[in-house]
Amino acid sequence: MERILIIGCSGQIGSELTLALRKIYGNDNVFATDIKQPPKDILESGPFNTLDVMDYNNLLHFVVRFKITQVYNLAAVLSGNAEKIPQQAWEINMRALMNTLELARDSDAKKLFWPSSIAVFGPTTPRHNTPQLTVMEPNTVYGISKLAGERWGEYYNRRYGVDFRSLRYPGLISYKTEAGGGTTDYAVEIYYEAVRSNSYTCFLSEDTALPMMFMDDAIKATIQLMEANPDKLSLRSSYNVGGMSFTPKEVVEAIRKHQPDFSVSYEPDFRQAIADSWPASIDDSQARADWGLNDVYTLDSMTEVMLQEIRKKLNK
Ligand code: AKB
């Protein structure tokens, strides 16, 4: 019987992953935690506790008390926000990871999921169809923390037998909980603003291509990786996950198929330099071969769902 701890259940990934895991493993076996108040459906469908991933003793106490077997550690400061508070972001991102790695070493919660990101790559990495193994010289504090985190995860697997599993997520796009502080966030905001005001000012230039994935595909991939037979996992750092690749201009065209008079302007800010240092598209053949990554959404099918669901949510 698996008993799962989610750290960061109120965030963009956690708010959807918690519900998906509760459907599979049973509401009472998925313990949602965060320092922020979670959405209503998480509160109403199963246990929620306030828990700070930075507090190791409380974490260990929680895991022992509730006989936790798996942890999803989703707590992180994203790329845009991290550039505003570099030292603090490093401290939070690394401490949160190290606490859960130590937890896995010290307790029965041996299986740990931790999200990495396409931010592990940098300006010297090949930009198109970026391979799994390649030059990695990230130049953002977020990217540096994700690359260091991957190395620590692999180290704890090899040295202490921790069942560390990780994905290098591209930009994640969802309608349920808005993203916060990332560089790929424009691709969420643009749908909200299309519904709210039929116009949007984009903080990246119109031709900035980035890898992106619809949240349903990301949740499916995450659970698939966590359920994969360990013998199939040839990598214990983090798997490339590519999703789709598009520019702001292409999202605008996709939205205009539904809202022909949608208007957009471009005012690139400091996040443009971050985006320019990241891959435009990703080779995820290793994930497909090892554990069957199989994402299905395209820009058009995602746009249809995003607009429809945001209209419902905002009563438009
Ligand atoms: C960000 O933009 O910081 C994140 C990411 C790609 O990891 N969405």
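How many cavities of 30 Å³ or more does a search of the whole structure find? The search turns up one. A cavity here is a set of points, on a 1 Å grid over the protein atoms alone, where a 1.4 Å probe fits but cannot get out.

A word on the ground rules: this is a predicted model, where local features need pLDDT of at least 70, side-chain atom pairs count only at pLDDT 80 or more, and totals for chains, interfaces and linings use all residues. Residues are numbered from 1 along each chain as its sequence is written, and side-chain values use heavy atoms, with hydrogens and water left out.

Now for the ligand. Its shell, meaning residues with a heavy atom within 4 Å of it, includes L78, Y142, G182 and W278. Domain 1 (4-171 + 213-240) and domain 2 (175-212 + 243-315), with bounds from an automatic or database domain assignment, both give residues to this shell, so the ligand lies between them.

Here are some polar contacts, which are pairs of N or O atoms within 3.5 Å:

| Residue atom | Ligand atom | Distance |
|---|---|---|
| S117, side-chain N or O | oxygen | 2.7 Å |
| T183, backbone N or O | oxygen | 2.7 Å |
| T184, polar side-chain atom | nitrogen | 2.9 Å |

Taken alone the ligand exposes 260 Å², and the protein buries 92% of that (areas by the Shrake-Rupley method with a 1.4 Å probe).

Methods
On a 1 Å grid over the protein atoms alone, a cavity is a set of points where a 1.4 Å probe fits but cannot get out, and a pocket is an open set with protein on both sides within 12 Å along at least five of seven lines; lining residues have an atom within 4 Å of a point. Grid points are joined across faces, edges and corners, and a volume is the space filled by probe spheres set on the points. A polar contact is a pair of N or O atoms within 3.5 Å; within protein, one must be able to donate a hydrogen and the other to accept it, and residues adjacent in sequence count only if both atoms are side-chain atoms.
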